[in-house]
Each structure stands twice: as structure tokens, then as C-alpha cells.
Amino acid sequence: MNGFFVIPFKNFILQFRCAVSAFIGSGRERKGGRAAFAVAAAAVSIILFITAVGLLSAADERFGEAVRRVTDAIRIDDVVVLRVFLSLHIGAWLFGLLAGSARADKARLRARGERIEGWLSRLGRVPAAVWLVSSAGFAALYAAFFALQGSYLFGAFARKLPEGFIVAEYARQGFFELCRVMAVNFALVWCVTHTAKRCPRENRFILAAALVILAESLIFAVIAASKLWLYIDCFGFTPKRIQSAWLIAVLAFGCVAFALNIALGKRTMRPWLLFSALTLSATTLL
């Protein structure tokens, strides 16, 4: 909660504030902030200049055609604009996370964490039998799926494609199937472990069902990896294929971390996040 939401979004405009204060501060040292006023005046001039060009283009067709030829020559791709727009927000989120963490009061962070954990502990009101039946149903559903769709799921291990599939479609479909199934399974196991009246470690049947679901999720990850590897083996690496392989590895590691958490009570979120961050950084070198 602190790392993903509270700290980054609480300090979302901190990057802009720091840049403005640093600029104005340096300007004050230079005769009362003349540099800041000069930039503001330049910005106003640019806005007025663009407005004047638009008015003149509307008033004279030949001038408007000349302006259009100039703007067409310097037009920027929409994809580039979108990437710049997104990068500004991602940069603000990262800056807010880093700078906000450095400025955060550790005592207040711990107190907030304890409040959240206390609130989560009050969710445990669902009878264990409800989650046991639900978890067992999911586990049986996936087992039946593996049994009935074995040739489709495990064909990549034997380098055989199901009828009507090409390698690219086979790999992409497997990857997105994995993402959707993982989202469902993680949500289910989280609900089981946080809303049941009894802790899963106190009810071996619920614990077993949750671990079976995570094990089946891990099998889905291995299947998706085999399909992706077949795709890479045929056509080579690309940035998107490397990113897809990274996400499969992160989800597989998440299954193991979640299983250790519910079975042994270990805090595994931090190792999972560290693994995700370090491996993501490593992919940029590829």
C-alpha cells in the first residue's frame, strides 16, 4: 500500500515542485528571479505566436498552405507523443516513490502498516467450508482442463502445434491465458487466506487446496514459457518477447512466494518485488 499507492501518489507532483523551486531559487540568486520571469514571458510569447499563425492561416489560403507544409514536415508521430506523455507520468510516479520514501517518517509508515494489517485481520469471517468447497472446485476444474487439453497445452514441449494454429498465435494465446488465469487464482487464494475464519495453516484441507491451486498456476506458467520458447526458437528474440518471458518468470516466482507465505508464514512480498525489479532492470541490458 505504501510503496504502490500512498507514497508515490502523495508525492506525484513533487518532481515538478522540486524543479520549479530549484529554478526559482536559482533565479532569486540572480537578481530577484529574472530568469523565471524571462521563461514565463517566453512561454506567453510562444502561445501568442501560435495563435497569430492560426489566425493568419485562416485569413489567407496561400499562407495557410505554406504553414501546413511546414507543420507536415516537422509533424511528430502520435506514438512518440503517447510515449512521452506516459513517460512523464511514470517518471513522476518513480520520483514520488523515491523522494517520498526518503522524506517519509518511518514511525508513521509502521503505524499505517499496522492499521492496514489490523483491518485485514477483521475480514476473517467467511466459514472455512465455503472456501474449501470453492478451492476444491477450482483445483478440480484445472485438473480436468489439463487432462482434456493436454495435446494443446503441452504441444510446445514436443514442438507440435495444435491443428489450425501458427507459432505466433499459439505463443500469444498461451501468454494471455496465463495472465488471466493468474489474476483469477491470486485473487482466489488471497480471499481464502484473508477472509476465512481460520488461518489456512490451522486447516490443512484449505491449505492443501490453496497450495494445489498455486501448483496448477505454476504449471500454467511453465506451459506459457514452453510456448514462448518455441516462438523464440523459431523467430528469435524481440523486446516484447523478452518482456513476456520476464513477466512469466515473475508470475512463476510469485506462485512459489505465495505458497511459502501461506504454508510457512514467511513474509515473501519483499523478495518477490526485489526479484521483479532486479530482473526487469536486467532485461533492459538485453
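Which helix gives the largest share of the lining of the largest cavity? That share, 4 residues, belongs to H10. The model is predicted, with local features requiring pLDDT of at least 70 and side-chain atom pairs pLDDT 80 or more, while totals for chains, interfaces and linings use all residues. Numbering starts from 1 along each chain as its sequence is written, and side-chain values use heavy atoms, without hydrogens and water.

**Cavity**
- The count is 1 cavity of 30 Å³ or more (a set of points on a 1 Å grid over the protein atoms alone where a 1.4 Å probe fits but cannot get out).
- The largest cavity has a volume of about 40 Å³, taken as the space filled by probe spheres set on the points.
- Its lining (residues with an atom within 4 Å of a point) consists of Leu 153, Gly 174, Glu 177, Leu 178, Phe 220, Ile 223, Ala 224 and Lys 227.
- Two or more of these residues come from each of helix H9 (167–195) and helix H10 (204–235); helices are DSSP runs (H or I) of at least four residues.
- By class, the lining has 5 nonpolar, 1 polar and 2 charged residues.

**Packing of H11 and H12**
- Helix H11 (residues 239–264) packs against helix H12 (residues 269–283) at about 165°, with axes 10 Å apart.
- H11 and H12 are therefore roughly antiparallel (an angle over 145 degrees, on a scale from 0 to 180 between N-to-C directions).
- The contact (heavy atoms within 4.5 Å) includes Trp 246 and Phe 253 of H11 and Trp 272 and Phe 275 of H12.
- This contact of H11 with H12 has 10 nonpolar, 4 polar and no charged residues.

Definitions and conventions
Parallel < 35°, antiparallel > 145°, perpendicular 65-115°, else oblique. Nonpolar A, V, L, I, M, F, W, Y, C, P; charged D, E, K, R; others polar. 1 Å grid on protein atoms, 1.4 Å probe; cavity = no way out; pocket = protein on both sides within 12 Å on 5 of 7 lines; lining within 4 Å.
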